Amino acid sequence: EAFIEKEYVLYAKIEDPTILEKAESFSIQEQWEVKIPKMYDNATQGRIRVRKINDKDIVSYVLTTKTKVTEGEKEVELVASEDAFNQFKLLATNGMHKKRYIFPIEGTELKWEVDVFILASGEIANWVKIDLEVQEPLPELPALPAGLTGVIFNQKSKQTDEEKRKIQELYNKIFLRKNEHIAMISATESYAKLTRV
């Protein structure tokens, strides 16, 4: 069923990765996304994403469609398969490899979702993305897990130009990975050209 996604998105640095050991749980996620712009022959803009989730060695796949609405984004999730994930991965221009750590917020049903990104080198990035899904806007944000620094609290409409530049840099250089098949295809094509010479 469709639902309106309401969330706060923050960005921060982790200087000491041992703080992640205090999380209630974590899962390993790989996701790939296709963005669809608003054009003359469709009704709205949106995104289609497929995600592979490894939670305690149980692997599942979720296909999510998101469309732009006044309140934010309308979201629908469907169960997907490994074949669908691999097929979608060919079509996507970029994706993410990350570990999602869950920190429940005491006295509430809310939880911080701290995404730690795995770089192509296999190293862990020290900048993280933090989500807090809510039913309704909060008068103030709860305290973050201890050990996060350089936090960008402002949401999109209130971000300074400097914050916007920093966030864009994080996505371009750390959070997003290019389609991994492009390099393989280029290498194969180059080899094929050499063998034809």
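Predicted model: local features only at pLDDT ≥ 70, side-chain atom pairs only at ≥ 80, totals over all residues.
**View 1. Overall fold of the protein.** The protein contains three helices and eleven strands, where helices (H or I, at least four residues) and strands (E, at least two) are DSSP runs numbered from the N terminus. Read from the N terminus, the order of elements is β-β-β-β-β-β-α-β-β-β-β-α-β-α. The C-alpha trace spans about 65 × 45 × 40 Å along its principal axes. Residues are numbered from 1 along each chain as its sequence is written.

**View 2. Burial and surface of the protein.** Of the 197 residues, 35% are buried, which denotes under 20% relative accessible area (1.4 Å probe, protein chains only). The exposed surface comes to about 12900 Å², of which carbon and sulfur atoms supply 54%; accessible areas come from the Shrake-Rupley method with a 1.4 Å probe.

**View 3. D131 in its strand.** D131 belongs to strand β9, which covers residues 124-133. This residue is buried, with a relative accessible area of 4%.

**View 4. Surroundings of D131.** Leaving aside residues up to four places away in sequence, D131 touches E7, Y8, V9, R100, K111, W112, E113 and D115; contact means heavy atoms within 4.5 Å. The side chains of D131 and K129 are joined by a polar contact of 2.9 Å. A polar contact is a pair of N or O atoms within 3.5 Å; within protein, one must be able to donate a hydrogen and the other to accept it, and residues adjacent in sequence count only if both atoms are side-chain atoms. Side-chain values use heavy atoms, with hydrogens and water left out.

Definitions and conventions:
Buried < 20%, exposed > 50% of the residue type's maximum accessible area, 1.4 Å probe, protein only.
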